[in-house]
Amino acid sequence: MQINLTGHHVEVTDSLREYVENKFTKLERHFEQINNVHVVLNVEKNQQIAEAKLLVSGGEIFATSEHQDMYAAIDALIDKLDRQVIKHKEKLIKH
C-alpha cells in the first residue's frame, strides 16, 4: 500500500506522517487489497480537515473529517474509512 500525504496550509511533520501511516496499517488488516491512498491534511481557520481517497480493487473510497485537533480529525477519518472498507469488502464477498 502506497500512501501519498499532502498538507495544505499545514506542515506535514514526521510525527504526523508516522501517525497517519500507523492508522492506515490498521485499515489494511481489514482489507488487504488497498492499492493506493491519497491523504490531504488541511487547515481552514480553526478547523483541521483530514480527507483521504483509497483506490481499492473494485472501486474507490473517499472520506473527510473535521475537528479542532488534527490527530482527532485523522482518528475520525480512519473510523469512517474503516466502516466503508468493511462495507466494500462485504459487497465483494456477496458477488
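## Starting at Q84

Q84 sits in helix α2. Helices here are DSSP runs of H or I with at least four residues, strands are runs of E with at least two, and both are numbered from the N terminus. The model is predicted, so local features need pLDDT of at least 70 and side-chain atom pairs count only at pLDDT 80 or more, while totals for chains, interfaces and linings use all residues. Residues are numbered from 1 along each chain as its sequence is written, and side-chain values use heavy atoms, with hydrogens and water left out.

Buried means under 20%, exposed means over 50%, and partly exposed lies in between (1.4 Å probe, protein chains only). Leaving aside neighbours within four places in sequence, Q84 is in contact (heavy atoms within 4.5 Å) with I61, F62 and A63. Q84 and I61 are 23 residues apart in sequence, but 7.1 Å apart in space, C-alpha to C-alpha.

## Helix α2

Helix α2 covers residues 70-94. Its 25 residues should span 36 Å at 1.5 Å a residue, and its end C-alpha atoms are 36 Å apart, so the two agree. The expected span is 1.5 Å times one less than the number of residues.

Which residues of α2 are buried? They are M70, A73, I74, L77, I78, L81, D82, V85 and H88. An α-helix has 3.6 residues a turn, so residues three or four places apart point the same way. The buried residues of α2 pack against α1, β2, β3 and β4 (59-67).

## The sheet

Four strands form an open sheet in the order β1-β2-β3-β4, with mixed pairing. Two strands pair if DSSP finds at least two bridges between them. The edge strands, β1 and β4, each pair on one side only. On average, neighbouring strands are turned by 10° against each other, direction ignored. Axes are lines fitted to C-alpha atoms, for helices over the stretch in contact, and angles run from 0 to 180 degrees between N-to-C directions.

Strands β1 (residues 2-8) and β2 (residues 34-44) run parallel, joined by 7 bridges. I3 stands opposite V37 in β2, and L5 stands opposite V39. Strand β3 (residues 47-56) pairs with β2 in the antiparallel sense over 10 bridges. E44 stands opposite Q47 in β3. β2 and β3 form a hairpin with 2 residues between them, and K45 in the turn has a positive phi of about 55°.

α1 lies across β1, β2 and β3, at about 140° to β2. α2 also packs on the sheet, touching β2, β3 and β4, and its direction makes about 150° with that of β4.

The largest nonpolar core has 24 residues. Such a core is a set of buried Ala, Val, Leu, Ile, Met, Phe, Trp, Tyr and Cys residues joined through side-chain atoms within 4.5 Å. α2 gives the most to this core, with 7 residues. F24 is among the residues with the most contacts inside the core.
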